[in-house]
Amino acid sequence: MTFEDMQAELATQTAKMPWTELQRFFATGQAFAVAPGVDLVDVAARIATDDKAVIETLIAEQQFGPVSDEQALAWVETDASVWAVVVKPWVLVQAVQPSA
């Protein structure tokens, strides 16, 4: 499967949902956050196609990594919704940005 095909497939598998529905993945260390402004589907496709160079860059730039305790708590306290996509065994999440 090409990178573009993977992106197209993953784009159909994203969902907006309450963070509280994903807490169990956070508890098991399987929830990873994608920074606002970074393309969630692109990151998911990079992981699915094992693009280590891009993922390492995103991690180094703090644009991608495990959901922190502080972030998880803030999302619970604000009853936040996130965009999510599964790239087994991980769940990638990104805070839903308010509409302008």
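D50 lies in the loop between α3 and α4, where helices (H or I, at least four residues) and strands (E, at least two) are DSSP runs numbered from the N terminus. This is a predicted model, in which local features need pLDDT of at least 70 and side-chain atom pairs count only at pLDDT 80 or more, while totals for chains, interfaces and linings use all residues. Residues are numbered from 1 along each chain as its sequence is written, and side-chain values use heavy atoms, with hydrogens and water left out.

- The buried residues of α3 are L40, V41, D42, V43, A44, A45 and I47, and they pack against α1 (3-11), β2 (31-34), α4 (52-60), β3 (64-66), β4 (81-87) and β5 (90-95).
- D42 is placed in helix α3 and is buried, with a relative accessible area of 18%.
- Leaving aside residues up to four places away in sequence, D42 touches F3 and Q7, where contact means heavy atoms within 4.5 Å.

**α3 against α4**

- The axes of α3 and α4 come within 8 Å and cross at roughly 130°; axes are lines fitted to C-alpha atoms, for helices over the stretch in contact, and angles run from 0 to 180 degrees between N-to-C directions.
- That angle makes α3 oblique to α4, given that angles under 35 degrees count as roughly parallel, over 145 as roughly antiparallel, 65 to 115 as roughly perpendicular and the rest as oblique.
- The crossing of α3 and α4 is left-handed, a term used if the near helix is turned anticlockwise from the far one by less than a right angle, with right-handed used if it is turned clockwise.
- V43, R46 and I47 of α3 make this contact with V54, I55 and L58 of α4.
- Sorted by class, the contact of α3 with α4 has five nonpolar, no polar and one charged residues, where Ala, Val, Leu, Ile, Met, Phe, Trp, Tyr, Cys and Pro count as nonpolar, Asp, Glu, Lys and Arg as charged, and the others, Gly among them, as polar.

**α1 against α3**

- Helices α1 and α3 pack at an angle of about 125°, with their axes 9 Å apart, and that makes α1 oblique to α3.
- α1 passes α3 in a right-handed crossing, in which F3, M6, Q7, L10 and A11 of α1 meet V41, D42, A44, A45, R46 and A48 of α3.
- By class, the contact of α1 with α3 has eight nonpolar, one polar and two charged residues.

**Loops with particular backbone geometry**

- D50, which follows α3, has a positive phi of about 60° although it is not a glycine, and at 51% relative accessibility it counts as exposed.
- Q62 lies in the loop between α4 and β3 and has a positive phi of about 55° although it is not a glycine; with a relative accessible area of 69%, Q62 is exposed.
- P89 is found in the loop between β4 and β5, and the peptide bond that leads from K88 to P89 is cis, with omega near 5°.

- Q94 has its place in strand β5 and is buried, with a relative accessible area of 10%.
- The side chain of Q94 reaches the backbone oxygen of V38 at 2.6 Å.
- Not counting residues up to four places away in sequence, Q94 touches V34, A35, P36, G37, V38, L40, V82 and W83.
- A53 lies in helix α4 and is exposed, with a relative accessible area of 51%.
- A53 and T28 are 25 residues apart in sequence and 26 Å apart in space, taken from C-alpha to C-alpha.

Key
Buried means under 20% relative accessible area, exposed over 50%, partly exposed in between (1.4 Å probe, protein chains only). A polar contact is a pair of N or O atoms within 3.5 Å; within protein, one must be able to donate a hydrogen and the other to accept it, and residues adjacent in sequence count only if both atoms are side-chain atoms.
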